[in-house]
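Here is a brief report on side-chain packing in one model.

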Amino acid sequence: QVQLAESGGGLVQTGGSLKLSCAASARNLYNYRLAWFRQALGKEREFLAATFRARGVTQYADSVKGRFTISRDNIKNTVDLQMNSLQPEDTAVYYCAAGFGSNWGADYSYWGQGIQVTVSS
């Protein structure tokens, strides 16, 4: 069982930056992929970025590569998403997720409650 709680969302102007944080609690969290997804109103949930174990083991969606950075602290059990150059189309509910193992294509079984990010034009 993995529990996840997001924080750091809110309202930001176009071109601005925002950092989301997710606090994770679980036994053997080191064995889980931690990821960020988002869902805009009326759209499907979209994968953004994921990380497994060590810093530097990451995967990004093309839509955010170069603008968003995922980072993981295995001591604090947190995973952050630094978002830069935000645009109105980045407005969505952002979710933290956890999935067991290193297979990037495997499902994510655990989800946070989501947090709103709104980018004003």
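The charged end of R33 sits over the ring of Y108, 4.5 Å from its centre. A charge counts as over a ring if NZ of Lys or CZ of Arg is within 6 Å of the ring centre and within 35 degrees of the ring normal. R45 lies over the face of W111, at 4.2 Å from the ring centre.

This is a predicted model: local features need pLDDT of at least 70, side-chain atom pairs count only at pLDDT 80 or more, and totals for chains, interfaces and linings use all residues. Residues are numbered from 1 along each chain as its sequence is written, and side-chain values use heavy atoms, with hydrogens and water left out.

**Aromatic pairs**

The count comes to 6 aromatic pairs. Rings of Phe, Tyr and Trp (its six-membered ring) pair if their centres lie within 6.5 Å; planes under 30 degrees apart are stacked, over 60 edge-to-face, and the rest tilted. Two of the pairs are tabulated.

| Pair | Centre to centre | Angle between planes | Class |
|---|---|---|---|
| Y32 and F100 | 5.3 Å | 80 degrees | edge-to-face |
| Y95 and W111 | 6.4 Å | 80 degrees | edge-to-face |

Y32 is in strand β4 (residues 32-39) and F100 in strand β9, so their pair ties together parts 68 residues apart in sequence. Strands are DSSP runs of E, at least two residues, numbered from the N terminus. Y95 is in strand β9 and W111 in strand β10 (residues 110-111), so this pair ties together parts 16 residues apart in sequence.

Buried means under 20% relative accessible area, exposed over 50%, partly exposed in between (1.4 Å probe, protein chains only). Y32 is buried at 10%, while F100 is exposed at 57%. Y95 is buried at 14%; W111 is partly exposed at 32%. F37, F47, Y95, Y108 and W111 form one aromatic cluster.

**Disulfide**

The whole structure holds 1 disulfide (cysteine sulfur atoms within 2.5 Å). C22 and C96 form it, with sulfur atoms 2.2 Å apart. The S-S torsion is about -85 degrees, so the disulfide is left-handed. C22 lies in strand β3 (residues 18-25) and C96 in strand β9 (residues 92-100), 74 residues apart. Both C22 and C96 are buried.

**D80**

D80 is in strand β8 (residues 78-83). D80 is buried, with a relative accessible area of 14%. Leaving aside neighbours within four places in sequence, its contacts (heavy atoms within 4.5 Å) include C22, W36 and S21. The side chain of D80 makes a polar contact with the side chain of S21 (2.8 Å). A polar contact is a pair of N or O atoms within 3.5 Å; within protein, one must be able to donate a hydrogen and the other to accept it, and residues adjacent in sequence count only if both atoms are side-chain atoms.

Note on methods. Helix = DSSP H or I, 4+ residues; strand = E, 2+ residues; numbered from the N terminus.
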